[in-house]
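The exercises below are meant to be worked through with the sequence and the model side by side. Try each task before reading the solution that follows it.

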Amino acid sequence: MRTVKVYPEDWPLNKPFVISRGSREQAGVVVVELEENGIKGVGECTPYRRYGESEASVLAQISLLLPQLEMGMTREALQEALPAGAARNAIDSALWDLACRQQQQTLCQLLGVTLPGRVSMAQTVTLDTPESMASSALALWENGAMLLKIKLDDHLITERLMAIRSAVPQARLIVDANESWHSEGLAARCQLLADLGVEMLEQPLPASEDEALANFIHPLPVCADESCHTRSSLPALRQRYEMINIKLDKTGGLTEALALASAAEEAGFMLMLGCMLCTSRAVSAALPLVPRARLIDLDGPTWLAVDVDPGLRFSSGEIDLTSTD
């Protein structure tokens with residue numbers, strides 16, 4: 001018999017995380033603890049309102065499964081009991097963590113995955129004026145971040161990118177438009193990014209308008225984020241995207257994320273590994289996918305004023321795993 005505990009946590013941000021005009025993300029997570037024979041496994045998720053999720057809706061979904069979880073529900077049964085999303089991720093992550101602690105192994109050891117001692121990752125430059133974004137990019141670069149993820153909306157695209165590129169001419173840049181662009185002029189914008197040496201464009205169009213991406217040859221890889229959740233998303237992405245962004249809160253946990261990664265690789269997609277605003281718990285749950293990803297975007301905890309203890313060791317553009325047990 002398991003003991004199950006479910007609760008929300010709020011984490012203060014060290015500065016606003018702005019992804020679109022008038023939008024500021026919050027760092028609220030839902031935590032699931034599973035205890036069995038004195039051994040505890042913990043998982044977390046970040047409800048995302050873009051997908052119709054809230055703290056209340058996620059807590060309600062998990063509450064419906066409490067009897068099954070107490071009776072020993074498996075990861076396999078969980079995939080059938082809940083749809084992909086944040087609620088399933090919190091439970092799936094807790095089940096993986098419980099299994100690791102029961103077998104006295106790390107998650108990567110359990111899965112036979114070898115991680116590098118240091119993981120290079122993107123650092124996010126959030127939406128602001130061209131001057132402020134250029135200043136933020138320069139500060140990150142000077143602190144050691146080699147890969148910068150630039151958040152953009154549908155305004156001042158040229159001005160922002162030109163200012164950033166001028167400030168950090170040697171930095172690697174990727175751009176996330178967060179579904180804010182339109183099909184009109186998309187090809188020209190992609191060419192602008194390519195001309196400025198941007199390596200990848202993430203989710204330029206709303207997920208419902210992906211068909212426009214099939215109408216021109218991309219001068220740089222385009223990555224599906226909101227358009228890709230699970231393996232069932234892949235058929236619609238062919239001939240439109242070259243890369244997919246895997247996030248455990250979209251796949252509903254590592255179990256589906258591993259299956260999605262294998263199916264995507266077989267279909268010829270490159271992989272990006274991302275996260276929501278989260279603590280080190282959520283990033284740790286995603287680490288087995290690091291060796292398979294072309295781009296790593298796991299800087300969620302770096303936006304928090306405090307993190308879980310013990311947490312992962314982050315620096316600008318890097319996760320130090322050399323002392324991870």
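**Exercise 1: A pocket and its lining**

In this predicted model, the second largest pocket has a volume of about 300 Å³. Find which residues lie closest to its centre, and state which elements give two or more residues to its lining.

Solution. Begin at the centre of the second largest pocket, where K15, T124, T126, S136 and W303 are the closest of the 16 residues that line it. Next, assign the lining to secondary structure: β7 (123-125) and α6 (130-142) are the elements that give two or more residues.

**Exercise 2: The cavities**

Determine how many cavities of 30 Å³ or more the whole structure holds, and describe the lining of the largest cavity by class.

Solution. A search of the whole structure gives 2 such cavities, and the largest cavity has a volume of about 240 Å³. Its lining consists of 20 residues, with F17, K151, K247, C275 and M276 nearest the centre, while β2 (17-20) and β8 (147-151) each contribute at least two residues to that lining. Sorted by class, the lining of the largest cavity comprises 7 nonpolar, 4 polar and 9 charged residues.

Among the 13 residues lining the second largest cavity, N89, L248, D249, C275 and A282 are the closest to its centre. Two or more lining residues come from each of β5 (39-45), α4 (86-103), α10 (248-251) and α12 (280-286), and the lining of the second largest cavity divides into 7 nonpolar, 3 polar and 3 charged residues.

**Exercise 3: Two helices in contact**

Work out how the axes of α4 and helix α11 (residues 254-266) are arranged, and list the residues that make the contact.

Solution. Two packed helices are described by the angle between their axes and by the distance between those axes. For α4 and α11, the axes come within 8 Å and cross at roughly 95°. Because angles of 65 to 115 degrees count as roughly perpendicular, α4 and α11 are therefore roughly perpendicular to each other. The contact is made by R88, D92 and W96 from α4, together with L254, T255, E256 and L258 from α11, and these comprise 3 nonpolar, 1 polar and 3 charged residues.

**Exercise 4: The parallel sheet and its helices**

Give the strand order of the open sheet of 8 strands, identify the strands at its edges, and describe how α6 packs on the sheet.

Solution. The order is β7-β8-β9-β10-β11-β12-β13-β14, and the pairing is parallel. At the edges stand β7 and β14 (295-297), each with a single partner strand, so one side of each has no neighbour in the sheet. On average, neighbouring strands of this sheet are turned by 25° against each other, direction ignored.

As a detailed case, take strand β9 (residues 172-176) and strand β10 (residues 198-202), which pair in the parallel sense over 4 bridges, with V175 standing opposite L201 in β10. Helix α6 packs on the sheet by touching β7 and β8, and its direction makes about 160° with that of β7. Helix α7 (residues 157-167), in turn, lies across β8, β9 and β10 and runs at about 160° to β9.

Definitions and conventions
Residues are numbered from 1 along each chain as its sequence is written. This is a predicted model: local features need pLDDT of at least 70, side-chain atom pairs count only at pLDDT 80 or more; totals for chains, interfaces and linings use all residues. Side-chain values use heavy atoms; hydrogens and water are left out. On a 1 Å grid over the protein atoms alone, a cavity is a set of points where a 1.4 Å probe fits but cannot get out, and a pocket is an open set with protein on both sides within 12 Å along at least five of seven lines; lining residues have an atom within 4 Å of a point. Grid points are joined across faces, edges and corners, and a volume is the space filled by probe spheres set on the points. Ala, Val, Leu, Ile, Met, Phe, Trp, Tyr, Cys and Pro count as nonpolar, Asp, Glu, Lys and Arg as charged, and the others, Gly among them, as polar. Axes are lines fitted to C-alpha atoms, for helices over the stretch in contact, and angles run from 0 to 180 degrees between N-to-C directions. Angles under 35 degrees count as roughly parallel, over 145 as roughly antiparallel, 65 to 115 as roughly perpendicular and the rest as oblique. Contact means heavy atoms within 4.5 Å. Two strands pair if DSSP finds at least two bridges between them.
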